[in-house]
Amino acid sequence: MTTSASCTIKPAWTPVTIGLMVLGFVAFWPLGLAMLAYILWGDRFHDMARDAKSQWRASPFKGAVDQMASGAYARTGNVAFDEYREKEIKRLEEERARLDAMRNEFDDFLRDLRRARDQEEFDRFMNNRGRGGSPEAS
């Protein structure tokens with residue numbers, strides 16, 4: 001018998017699992033609830049996971065999710081539509097790049113505007129300080 005097999009917690013009503021469940025409820029109630037679920041249904045978790053994977057593989061949504069994740073658009077078989085879609089996607093990508101460039105220019109403008117305002121406030125402070133007067137509130 002290996003050490004790792006003897007140290008595992010089996011999903012059954014044993015003193016160890018009951019103690020862990022009680023400690024889980026005392027520490028943080030969702031931990032106790034998770035331990036209770038493990039005691040009741042832990043022997044079925046492997047089968048449920050296998051069934052869920054097989055259902056996902058058979059699902060029609062799996063292909064759609066895989067296609068969206070890959071970022072590639074499948075050909076529809078309609079040549080005119082495929083060409084139109086490619087042109088529109090290219091146009092939208094160019095528009096997005098143009099908008100990003102405009103946004104960067106605007107951010108630079110705002111940064112320069114803030115710098116000029118800060119410089120003006122600093123110069124006013126230094127002039128007032130040099131005259132010995134109190135700085136004006138802005």
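Which residues form a nonpolar patch on the surface? The patch consists of W13, I18, V22, V26, L40, W41, F45 and M48, with about 780 Å² of accessible area together. The model is predicted, so local features need pLDDT of at least 70 and side-chain atom pairs count only at pLDDT 80 or more, while totals for chains, interfaces and linings use all residues. Residues are numbered from 1 along each chain as its sequence is written, and side-chain values use heavy atoms, with hydrogens and water left out.

**Overall make-up**

- The protein chain has six helices and zero strands; helices (H or I, at least four residues) and strands (E, at least two) are DSSP runs, numbered from the N terminus.
- Read from the N terminus, the order of elements is α-α-α-α-α-α.
- Of the 138 residues in the protein chain, 8% are buried; buried means under 20% relative accessible area, exposed over 50%, and partly exposed in between (1.4 Å probe, protein chains only).
- The protein chain exposes about 11800 Å², and carbon and sulfur atoms supply 61% of that area; accessible areas come from the Shrake-Rupley method with a 1.4 Å probe, and for residues only the protein chains shown count as cover.
- Among contacts in the protein chain with a separation of 6 or more, 21% are between residues 24 or more positions apart; contact means heavy atoms within 4.5 Å.

**Nonpolar patch**

- Patches are made of residues with over 30% relative accessible area and no salt bridge; like charges are joined within 9 Å, and nonpolar side chains (Val, Leu, Ile, Met, Phe, Trp, Tyr) within 5 Å.
- The patch that includes W13 and M48 draws two or more residues from each of α2 (15-27), α3 (29-41) and α4 (45-58).
- Helix α2 gives the largest share of the nonpolar patch, three residues.
- M48 belongs to helix α4 and is partly exposed, at a relative accessible area of 42%.

- T17 sits in helix α2 and is buried, with a relative accessible area of 0%.
- A polar atom of the T17 side chain lies 2.6 Å from the backbone oxygen of A12; a polar contact is a pair of N or O atoms within 3.5 Å, where within protein one must be able to donate a hydrogen and the other to accept it, and residues adjacent in sequence count only if both atoms are side-chain atoms.
- Not counting residues up to four places away in sequence, T17 touches I9, K10, A12, M35 and I39.
- G42 lies in the loop between α3 and α4 and is buried, with a relative accessible area of 12%.
- Leaving aside neighbours within four places in sequence, G42 is in contact with P11 and A37.
- A12 and G42 are 30 residues apart in sequence, and their C-alpha atoms are 8.2 Å apart in space.

**Helix α6**

- Helix α6 covers residues 79-131, 53 residues in total, and reaches 78 Å from its first C-alpha to its last.
- That reach is close to the 78 Å expected at 1.5 Å a residue; the expected span of a helix is 1.5 Å times one less than its number of residues.
- N78 caps the N-terminal end of α6, with a side-chain oxygen 3.2 Å from the backbone nitrogen of A80.
- D82, R85 and N128 are buried in α6.

**Salt bridges**

- The structure holds nine salt bridges; a salt bridge is a side-chain nitrogen of Lys or Arg within 4 Å of a carboxyl oxygen of Asp or Glu.
- R50 pairs with D47 in a salt bridge, their closest N and O atoms being 3.2 Å apart.
- R50 and D47 are three residues apart in helix α4, which means a separation of about one helical turn.
- R50 is partly exposed at 48% relative accessibility, and D47 is partly exposed at 35%.
- In helix α6, R115 and D112 are three residues apart, about one turn of the helix, and their side chains meet in a salt bridge (3.2 Å, N to O).
- R115 counts as exposed at 51% relative accessibility, whereas D112 counts as partly exposed at 44%.
- E120 forms a salt bridge with R124, with the closest N and O atoms 3.7 Å apart.
- E120 and R124 are four residues apart in helix α6, so about one helical turn separates them.
- E120 is partly exposed at 46% relative accessibility, and R124 is partly exposed with a relative accessible area of 28%.
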